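I opened my notebook and went through this structure one place at a time. Here is what I looked up, in the order I looked.

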Amino acid sequence: MVVTPKIRGFICTTAHPAGCARHVADQIAHVKSRGPLPAGPKKVLVIGASTGYGLASRIAAAFGSQAATIGVFFERAAEEGRTATAGWYNSAAFEHEAAAAGLYARSFNGDAFSDALKSEVVEAIRADLGQVDCVIYSLASPRRTHPKTGEVFKSVLKPIGTSYTNKNLNTGTGEVTSVTIEPANADEIAQTTAVMGGEDWELWIDALAEAGVLAPGARTLAYSYIGPVLTWPIYKNGTIGQAKIDLERAAASISKKLASTGGQAWISVNKALVTQASSAIPVVPLYISLLYKIMKEAGSHEECIEQMDRLFRDRLAQAQPPTDPEGRIRLDDWEMAAPVQSLIAERWDQVDTARLGELADFAGYQSNFLKLFGFGLEGVDYQADVETHISIPSLA
Ligand code: NAI
């Protein structure tokens, strides 16, 4: 069928298989163009491996240091008259590219929060790789079913304490309006922490360690965001920020458990980028549009793949990666640079619907958003009929 974008709010309900494959190939080409990684991991488990930062992590490890990768994700295959999700096509493309490069790649599509999927992955590691030396935890999910109690938790993106009013971008129309978000109650804070906090990361590491499939000296990372003061009420000091504090708690607890084998856990604070997860956060898309313009002009703009390549190449290549005083790896250093942030603050006050095109890179935001679903990539014939039923080799 001929596949066109169908945007509903902040998601696109279609995905283009050839476009997603192109997007994956472009990310692989970027990593290859930077040359081999000096001391990269060799056997890597990526939880949340099909889109955004997790996909970029998988690509950076596989094509930077020739790592065998196991990817876990929750995606949907194509059905009659309906395309698969972008993460499905990305993963199919990744596996084809990995096979062509002689790299082991196996994927698991299902609920990463469940005990059943953890057991399946443990058995696959035991059978195929023996052990993994790196675990990337890059889940972004709106809900989680607790594996022990069956309770379903839902995450919300809300401020805490008082309501928050700020400028907001309607990414469909390009209108800059004002949004007010009411504060979360205690239950919503707890539920968001149960979904996006560190408990599940700890359960994964416990399951891997207890089964003996975690190599001595194994490293594990989860991703976080801090950002500027203007987004703090909705991010750092909001419900998601509470979950990220719990992720930091989990990092410390995992590091303690792994210390005797020389292993360690880190939080990597990454740059704000257009992904399926970030496009759902109020206020953030306007901030990202302003940020992209400034960082592109400064020559310091990066996408997920540049960030993850820098993580493995510059930070994890060191025996003790440099961190901030709280022990976090900072890949948001260029975003948070003072000249970038002072320009953002200035433009944040000035930006409105009329001046959006001049002050922000809204076109860049929109094109990045479409790219997430495989649209707008160079060299793809979007008029052509494409096969939408694509299988992921290791799941076939
Ligand atoms: P994303 O939406 O692109 O990726 C989420 C991944 O999680 C996908 O692979 C999806 O299939 C998987 N997933 C979701 N629910 C699942 C489940 N129940 N079982 C198995 N897999 C599941 O998200 P993104 O933006 O790459 O986020 C990843 C992490 O990076 C999050 O912790 C996020 O907070 C963090 N981060 C994101 C930033 C951004 O600007 N996008 C900035 C800094 C950190």
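Predicted model: local features only at pLDDT ≥ 70, side-chain atom pairs only at ≥ 80, totals over all residues.

**Entry 1: a helix and its surroundings**

I began with α5, which spans residues 186-196. How many of the 11 residues of α5 are buried? I found eight, so α5 is largely enclosed by the rest of the structure. I wrote down the buried residues: Glu188, Ile189, Gln191, Thr192, Thr193, Ala194, Val195 and Met196. What do they pack against? My list has β7 (143-145), β8 (152-154) and α7 (239-258).

I then picked Gln191 out of that helix. Its relative accessibility is 17%, so Gln191 counts as buried under the 20% limit. Apart from neighbours within four places in sequence, Gln191 is in contact with Val152, Phe153 and Lys154.

I also checked the start of α5, where a side-chain oxygen of Asn185 comes to within 3.1 Å of the backbone nitrogen of Asp187.

**Entry 2: the ligand**

I counted 30 surrounding residues, and the closest are Ser50, Tyr53, Ala112, Lys244 and Thr275. By type, the shell divides into 14 nonpolar, 12 polar and four charged residues. Two elements that each supply at least two shell residues are α2 (52-65) and β11 (214-224).

For Tyr223, a backbone N or O atom lies 3.4 Å from a ligand oxygen. For Ala277, a polar backbone atom is 3.5 Å from an oxygen of the ligand. I also looked up the ligand's area: alone it exposes 840 Å², and the protein buries 93% of that.

**Entry 3: cysteines**

I searched the whole structure for disulfides and found zero. Seen from Cys20, the closest cysteine sulfur is the one in Cys12. Cys12 is buried at a relative accessible area of 6%, and Cys20 is buried too, at 1%.

**Entry 4: Thr69**

Thr69 sits in strand β4, residues 68-73. Is Thr69 buried or exposed? I read 0% relative accessibility, so Thr69 counts as buried. Setting aside neighbours within four places in sequence, I listed its contacts as Val44, Arg58, Ala62, Phe94, Tyr104, Ala105 and Arg106. With Arg58 there is also a polar contact, side chain to side chain, at 3.0 Å. Then I compared positions along the chain: Gly81 is 12 residues from Thr69, and their C-alpha atoms are separated by 32 Å.

**Entry 5: Ser289**

Ser289 belongs to helix α8, residues 284-298. I found Ser289 buried, with a relative accessible area of 0%. Which residues does Ser289 touch, not counting those up to four places away in sequence? My list reads Leu169, Ala360, Asp361, Phe362 and Tyr365.

**Entry 6: the segment after α12**

I moved on to Gly376, which lies in the segment after α12 (362-371). Gly376 counts as exposed, at 62% relative accessibility. I looked up its C-alpha distance to Pro5, 371 residues away along the chain, and got 9.8 Å.

**Entry 7: positive phi**

Last, I checked backbone angles. Gln66 is not a glycine, yet its phi is positive, near 55°. Gln66 is placed in the loop between α2 and β4, and it is partly exposed, with a relative accessible area of 47%.

Val283 also has a positive phi without being a glycine, at about 75°. I located Val283 in the loop between β12 (264-269) and α8. At 0% relative accessibility, Val283 counts as buried.

Key:
Residues numbered from 1 in each chain as written. Heavy atoms only, no water. Near = heavy atom within 4 Å. Polar contact = N/O pair within 3.5 Å; in protein donor to acceptor, adjacent residues only side chain to side chain. Areas by Shrake-Rupley, 256 points an atom, 1.4 Å probe, with all protein chains shown as cover. Helix = DSSP H or I, 4+ residues; strand = E, 2+ residues; numbered from the N terminus. Nonpolar A, V, L, I, M, F, W, Y, C, P; charged D, E, K, R; others polar. Disulfide = S-S within 2.5 Å. Buried < 20%, exposed > 50% of the residue type's maximum accessible area, 1.4 Å probe, protein only. Contact = heavy atoms within 4.5 Å.
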